[in-house]
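Here is a short briefing to read alongside the sequence and the model. Take a look at both, and then we can walk through a few points together.

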Amino acid sequence: MNTRNAQPAAPSDQLPSHPRSLTAFRTMKRLVGGYIALSLLTLVAACLLRRDPGLVNATVWIRGTIVVLTSLLMLSFVVGASRGHRRAYLRLRIASGAMVAAIAVLVPLPNLLPLWMRIEQGACGLLLLGVVAIVNGRHLRSLFASG
């Protein structure tokens, strides 16, 4: 049986008590919290607008559900990284960048999403850009550097 010990990546005096670390993780939790709230509000809006096929199509339901699930996953990555877990940090770096890229590709595609959801996805992208900037910043990269 292969079990792994999930040891924190950084010394306890640097993570999470270092002021820069605390600020970075607190900010990312707030950004991801906003991403979750906006994603949930999108599904509520889809429920309220469901009778208008011009405003709510199958793509809205699929994309909306995927975004809610990934936003919750992102929160778990932020929490894990804030506890010093290197794998959670790596997952956060990859997932946040991938979500920003997906949004950048999907939003401009013609006739895929209604205008209101394009705007919502753009706002989600801006929140996630903040996460990408922080998680890829020098301070956190140095804390989670291997070796």
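C124 is buried, with a relative accessible area of 0% in this predicted model. C47, by contrast, is partly exposed, at a relative accessible area of 34%. Searching the whole structure turns up zero disulfides.

**Overall fold**
- The protein has five helices and zero strands.
- Read from the N terminus, its elements follow the order α-α-α-α-α.
- Of the 147 residues in the protein, 37% are buried.

**A residue to check in the loop**
- N111 has a positive phi of about 65 degrees, although this residue is not a glycine.
- You will find N111 in the loop between helix 3 (86-106) and helix 4 (115-135).
- N111 is also exposed, with a relative accessible area of 76%.

**Charge on the surface**
- R20, R93, R138 and R141 form a positive surface patch.
- One of these residues, R93, sits in helix 3.

Key
Residues are numbered from 1 along each chain as its sequence is written. This is a predicted model: local features need pLDDT of at least 70, side-chain atom pairs count only at pLDDT 80 or more; totals for chains, interfaces and linings use all residues. Side-chain values use heavy atoms; hydrogens and water are left out. Helices (H or I, at least four residues) and strands (E, at least two) are DSSP runs, numbered from the N terminus. Buried means under 20% relative accessible area, exposed over 50%, partly exposed in between (1.4 Å probe, protein chains only). Patches are made of residues with over 30% relative accessible area and no salt bridge: like charges are joined within 9 Å, nonpolar side chains (Val, Leu, Ile, Met, Phe, Trp, Tyr) within 5 Å. Accessible areas come from the Shrake-Rupley method with a 1.4 Å probe; for residues, only the protein chains shown count as cover. A salt bridge is a side-chain nitrogen of Lys or Arg within 4 Å of a carboxyl oxygen of Asp or Glu. Lys and Arg count as positive and Asp and Glu as negative; His and the chain ends are not counted. The place of a charge is taken as NZ of Lys, CZ of Arg, CG of Asp or CD of Glu. A disulfide is a pair of cysteine sulfur atoms within 2.5 Å.
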